Amino acid sequence: LVWDVGPRDPAVGKLGAEDAAKAWTDLAGTDAPRAFRARGTLASAPEEALALLKKHLHPAQPADPQRLRQLLADLESDAFAVREKAQAALEELGELADPTLRQALAGKPTLEVRRRAQALLDRLRGPVTRPELVRSLRAVAVLEDIATPAARRHLEELAKGAPEARLTREARASLRRLNPRTPSDR
């Protein structure tokens with residue numbers, strides 16, 4: 001991979017609503033160079049970008065434990081359609097379902113549940129492909145690029161989300177990079 005890490009253009013200061021909306025859309029796209037340019041565009045207009053990200057980027061909420069239990073129970077249903085629907089719902093929850101799926105596997109589930117839970121966990125270990133999650137992770141990078149006190153506060157807010165969520169983990173990692181330990185902390 002080749003990354004353009006050359007000096008950035010100086011902050012443009014203002015970003016129109018149309019340009020901000022386009023950059024927000026581009027962050028979710030599969031065209032990585034376009035998404036990288038969108039990241040730079042947003043970072044070069046910190047005030048507008050921060051307003052946009054505060055509007056669209058919120059801490060991850062934990063999944064409802066009762067719903068998770070029901071979805072796991074539905075994986076054992078006699079009806080194929082019910083099992084498929086439960087698997088699709090668990091896949092949509094993504095990493096929020098991870099602890100529950102692992103707990104289910106540890107409890108000697110039926111072969112059907114084991115097979116489906118393992119397949120879901122395997123997908124979670126793969127690359128991020130859901131556009132909304134890709135956009136959120138790229139938006140965290142924008143906040144890290146901006147690195148103003150307001151951007152750090154928003155990262156801190158995101159870091160308080162559901163601990164198993166990728167967004168939460170990425171926000172925490174950004175904060176660690178922005179706040180490196182001093183030599184006396186070692």
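These are my notebook entries on a predicted model of one protein chain.

**Ground rules.** I number residues from 1 along each chain as its sequence is written. Because the model is predicted, I take local features only at pLDDT of at least 70 and side-chain atom pairs only at pLDDT 80 or more, while totals for chains, interfaces and linings use all residues, and side-chain values use heavy atoms, with hydrogens and water left out.

**The whole chain.** I looked up the elements and found 10 helices and zero strands. Helices here are DSSP runs of H or I with at least four residues, strands are E runs of at least two, and numbering starts from the N terminus. Of the 186 residues, 40% count as buried, meaning under 20% relative accessible area with a 1.4 Å probe and protein chains only (exposed is over 50%, partly exposed in between). I also checked contacts, which are heavy atoms within 4.5 Å. Among those between residues at least 6 apart in sequence, 67% join residues at least 24 apart.

**Helix H2.** Next I turned to H2, residues 32-43. This helix has 12 residues and reaches 16 Å from first C-alpha to last, close to the 16 Å expected at 1.5 Å a residue; the expected span is 1.5 Å times one less than the number of residues. Which residues of H2 are buried? I noted Ala-35, Ala-38, Leu-42 and Ala-43. They lie on the same side of H2, because they cover an arc of only 130° around the axis, taken from the directions from the helix axis to the C-beta atoms. Their cover includes helix H1 (17-27), helix H3 (46-56) and helix H8 (131-146).

I followed Leu-158 and, leaving aside neighbours within four places in sequence, found contacts including Leu-57, Val-140, Leu-143 and Ala-171.

**Gln-87.** My last stop was Gln-87, in helix H5 (residues 80-93). Is Gln-87 buried or exposed? Gln-87 counts as buried because its relative accessibility is 11%. Beyond neighbours within four places in sequence, Gln-87 is in contact with Leu-75, Arg-116, Ala-119, Leu-120 and Arg-123. Leu-120 is 33 residues away along the chain, yet the two C-alpha atoms are separated by 7.9 Å.
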